[in-house]
Amino acid sequence: MLAFFVLAVLGLSWMNHGVLSSPVKSVHVHGNSTSEVSILPNGTLVSPHWVIYSDRGVSGLSGPPPVSQIEPFAYSALAFLLVAGAFDQAAEWTQLTSTQRATIKAQYAAAGIKLIVSVFGSTDAPTTNGADPIATADTMAAWVIQYGLDGVDVDYEDFDAINAGDGKAEAWLASFTRRLRVKLPREDYLLTHAPVAPWFSPGKFGGGAYLTVDSTVGNLIDWYNVQFYNRDYYSKKGANEYTTCAGLLTNSSSTWPKSALFQIADSGIPLHKLVIGKPALTSDASNGFMNTSTLANCLNTAKKFGWNAGAMVWEFPDANSSWITSVRKLSFPV
């Protein structure tokens, strides 16, 4: 009875949140001969997912973060591949020799870590700038295949296009995602998206933002690395959004209504696909920061009510093995 009382207070529609109970099977992800991932019969990857991004250069390092500095993360995302080509850590990957890349991939595989590329980011506006979604997907998929990565994270941040409310951004994303999935099939490659949490607010965007994206092509997306922090574009709105467990999990503010974790699930997004994303430091985002102790408590609370999707962080080296171990210690201890 206590559990039902707490659920009622929190306002969680837990019966519809998609907790996984079906049999699973294991498949290889491209390039990983020794590491496998588990999937449901419908192709859904089994949670939790622990994701770290790397974008800025680190003195003394060339290429992706060393395994010893990011275990037990399971996914490392190199940022960014733009419409204009590879930049930052994605560019560093191309500058390594094929032998160096193969060595790093083998180290990652042995540790059970998948190496993916994040595309677009805050400096790319593909819809606004008129990029063709099909041609862009073809080029980016070819890049992933050429450089032996395990998949793509779509960090689409074309705020002007979404805010226009005419549906063009959502249609662009749908076409891009469909084409990527054709070129990078699920049995071999990961495909995730990294929307900001406000884009799940019902009725705030004329085209529906990510509620429309999910209803259109959500079946092609493995999970969402949800940015529960606002970049500069939204920094003046909801400055304290997602900074308490209640605000993060059950009750976002009126500025971005129904964009807390369980509220997003109540809008029909599968709970097991909602990875909680946070900045490692206050300097890594405009707002939304939580220290590791608070975030650990929030994850533990969410787990008690059926969530198990995992966590994402921006970015290495501000986040590392110590960060993820601390965040997981109450809910998914290492």
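F120 counts as buried, at 0% relative accessibility; buried here means under 20% relative accessible area, with exposed over 50% and partly exposed in between, using a 1.4 Å probe and protein chains only. This is a predicted model, where local features need pLDDT of at least 70, side-chain atom pairs count only at pLDDT 80 or more, and totals for chains, interfaces and linings use all residues. Residues are numbered from 1 along each chain as its sequence is written, and side-chain values use heavy atoms, with hydrogens and water left out.

Back to F120. Its phi is positive, about 80 degrees, although F120 is not a glycine. The residue sits in strand β6, residues 114-121. Strands are DSSP runs of E with at least two residues, helices are runs of H or I with at least four, and both are numbered from the N terminus.

Next, A209. A209 belongs to helix α8, which covers residues 209-217. With 0% relative accessibility, A209 also counts as buried.

Now the cis peptide bonds. Which residue is joined to W314 by a cis peptide bond? That is E315, and omega there is about 5 degrees. E315 lies in strand β11, residues 310-316.

A cis peptide bond also joins F316 and P317, with omega at about 10 degrees. Where is P317 placed? P317 is in the loop between β11 and α12, the latter being 321-328.
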